[in-house]
Amino acid sequence: MSEQIVIVGFGPVAARLIDELLPAVRGGLARLTVIGEEADAAYNRVLVADLGVGRTTAGALALSDAAALIADGVDVRLGVRVRRVDRARQQVILTDGSTPHYDRLVFATGSRPVIPNLTGLNPDPAHPVLPAGVTALRDLRDAEVLRQAVSGGKRVVVLGGGVLGLETALAAAEEGATVTVVHNGPHPLGRNIDRGGGAVLAASLRNCGVRMAGNARSTGVEHNAPDGGFSALLLDDGSAIDGDLLVLSCGVRPRVELAEGCGLSTATGILVDHKLRAHHEPHIFAIGDCAEVRCPDPSCSECRTAPGPSGLVGPGWRQAEWLAEYLTLLAEGSAQGSAHGSGEGGEAASAAVANSLPELPMEKPGVIVLKARGLNMAVAGDNAPEPWDDEVLTAGAVNGRPRLQIAQWADPEHGRYVKMTTRGGVLEGLVAVGMPRTAAELVSLFERGDELPADRSLLLRLDGPDQLASPGNSDPARTVCRCAGVSGTKIQDAVVDGCSTVAEVSGATRAGTGCGGCHSDIKDIIEKHFQAAAAA
């Protein structure tokens with residue numbers, strides 16, 4: 001008897017899990033049911049803003065083909081929601097009245113946008129009804145709203161200074177809209193970047209045509225447009241920022257309602273162990289934005305300081321790939337047990353085989369990359385300490401552990417700033433604004449955990465007037481696409497095999513199907529290959 005796997009949610013992470021499970025489905029080891037709320041199969045939400053400004057197409061964002069999956073034997077159910085999960089009967093109750101059974105249930109419900117508590121907006125964040133001219137920019141319909149505003153040269157107000165809000169603002173401004181970013185705090189990316197880097201970043205955004213309204217607390221939304229839609233964002237000092245479209249970019253929250261409703265343990269996300277199993281429930285798993293890896297063992301040192309869900313697609317894809325292998329092993333063991341008529345003993349044997357799989361490695365701190373015409377930024381780790389904060393720098397320097405050290409350089413007039421926070425010569429945090437080659441090398445060193453050169457100024461020279469090539473950029477084995485974990489060598493091989501566009505490389509390698517921050521690097525590899533071929 002093949003295992004019945006039900007996946008709740010059909011976003012990018014679920015799409016990767018489905019792709020990895022297809023061999024088991026085709027081989028008869030597993031039967032797969034996928035339940036998606038939207039009428040569309042999985043697509044890349046991270047690039048919805050690019051779709052909204054006309055830089056890509058809905059087809060290019062697609063990550064899954066429902067018809068092809070159905071042809072492979074996958075039960076795809078679109079435009080339907082799960083009302084509740086019946087753990088006792090191992091069923092999911094759907095809004096269409098059906099009750100699919102599961103042997104293994106995977107929550108891939110993702111996250112929902114945070115709707116701020118503003119006058120004029122629906123206060124229920126779980127079921128918001130946004131007025132005309134207000135969007136959270138999460139789906140294909142939202143992209144169409146942005147497209148109409150940008151193509152008409154309208155005034156766009158972005159509420160929130162996170163990376164997605166900034167990328168939306170930059171893209172809309174580059175395509176002709178008048179854009180204002182409103183954020184709380186003295187500079188954007190307040191939770192991720194230090195004061196100096198934030199100030200240089202804000203100035204660079206203004207130089208790119210984005211108006212910045214910092215230290216601003218919004219209180220309400222005004223609806224005085226001719227169609228009764230958005231006309232202004234009201235601030236607590238009595239002022240207002242006029243606009244034609246309000247884009248809410250105030251963060252996201254994991255969707256845990258279904259898990260809570262069936263009695264699973266939750267914190268920020270659905271609590272799972274290092275094998276992505278829900279606490280005390282071996283038949284249920286969670287991956288992606290809705291999953292919080294924090295095992296129930298109080299002595300686990302990794303989980304004691306583990307952060308909540310990362311909100312990044314790369315970690316979710318790695319979880320999906322790991323879980324697919326785990327579920328396949330379970331299915332293989334179960335099939336062998338059934339073939340020998342061992343019943344429950346077969347299930348126990350299959351669990352033993354699957355549990356021999358090494359645990360999912362803990363994720364390293366993520367890297368935030370922002371790339372636009374005229375602006376390049378990379379931020380990672382703890383970069384808040386300042387060179388003169390002696391008490392902070394010495395904190396934790398016990399039992400021979402070295403103290404923190406800070407190397408910092410700034411050229412605000414030209415939008416350039418670098419900061420390196422190291423312990424024992426190894427990066428614990430970094431900021432690089434307007435220094436693309438230095439940023440590439442620092443990110444590479446940060447991800448590998450390699451020691452920096454004793455003379456930190458050597459790294460700054462990578463962006464010097466002589467255009468010295470970055471060692472990180474010249475290493476063909478370096479990771480170009482961090483979301484999908486694709487190296488420059490693999491991309492180069494795809495280009496040699498005939499891929500001549502970013503889309504073709506993405507189709508062959510999955511590179512560039514995440515945040516899109518590596519698209520320019522992929523283009524460089526393609527161009528260098530064909531330039532060399534032309535010169536030969």
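I started with Arg155, which is partly exposed with a relative accessible area of 36% (buried means under 20%, exposed over 50%, partly exposed in between, using a 1.4 Å probe and protein chains only). This is a predicted model, where local features need pLDDT of at least 70, side-chain atom pairs count only at pLDDT 80 or more, and totals for chains, interfaces and linings use all residues. Residues are numbered from 1 along each chain as its sequence is written, and side-chain values use heavy atoms, leaving out hydrogens and water.

**Salt bridges**

I looked up the partner of Arg155: Asp244 forms a salt bridge with Arg155, with the closest N and O atoms 3.1 Å apart (the cut-off is a side-chain nitrogen of Lys or Arg within 4 Å of a carboxyl oxygen of Asp or Glu). Arg155 sits in strand 9, Asp244 in the loop between strands 14 and 15, and 89 residues separate the two. Helices (H or I, at least four residues) and strands (E, at least two) are DSSP runs numbered from the N terminus. Asp244 is partly exposed too, at 31%.

Next I checked Glu3 and Arg104, whose side chains meet in a salt bridge at 2.9 Å, N to O. Glu3 is in strand 1 and Arg104 in strand 6, 101 residues apart. Glu3 is buried at 6%, and Arg104 counts as buried at 4%.

Then came Glu321 and Arg16, another salt bridge at 2.9 Å, N to O. Glu321 belongs to helix 10 and Arg16 to helix 1, so this pair ties together parts 305 residues apart in sequence. Arg16 is buried at 4% relative accessibility, while Glu321 is partly exposed at 29%. My search of the whole structure gave 28 salt bridges.

**Cores**

Which residues have the most contacts inside the largest nonpolar core? They are Ile7, Phe107 and Leu323, in a core of 77 residues. A nonpolar core here is a set of buried Ala, Val, Leu, Ile, Met, Phe, Trp, Tyr and Cys residues joined through side-chain atoms within 4.5 Å. A second, separate core has 41 residues, including Cys208 and Leu245. I also listed what Ile7 touches beyond four places in sequence: Leu17, Val34 and Val106 are among them (contact means heavy atoms within 4.5 Å).

**A hairpin**

I found strands 4 and 5 paired in the antiparallel sense over 4 bridges (pairing takes at least two DSSP bridges). The two strands form a hairpin with 4 residues between them, and Gln90 in the turn has a positive phi of about 55°. Asp86 stands opposite Gln91.

**Whole chain**

I noted 18 helices and 27 strands. Buried residues make up 49% of the 536.
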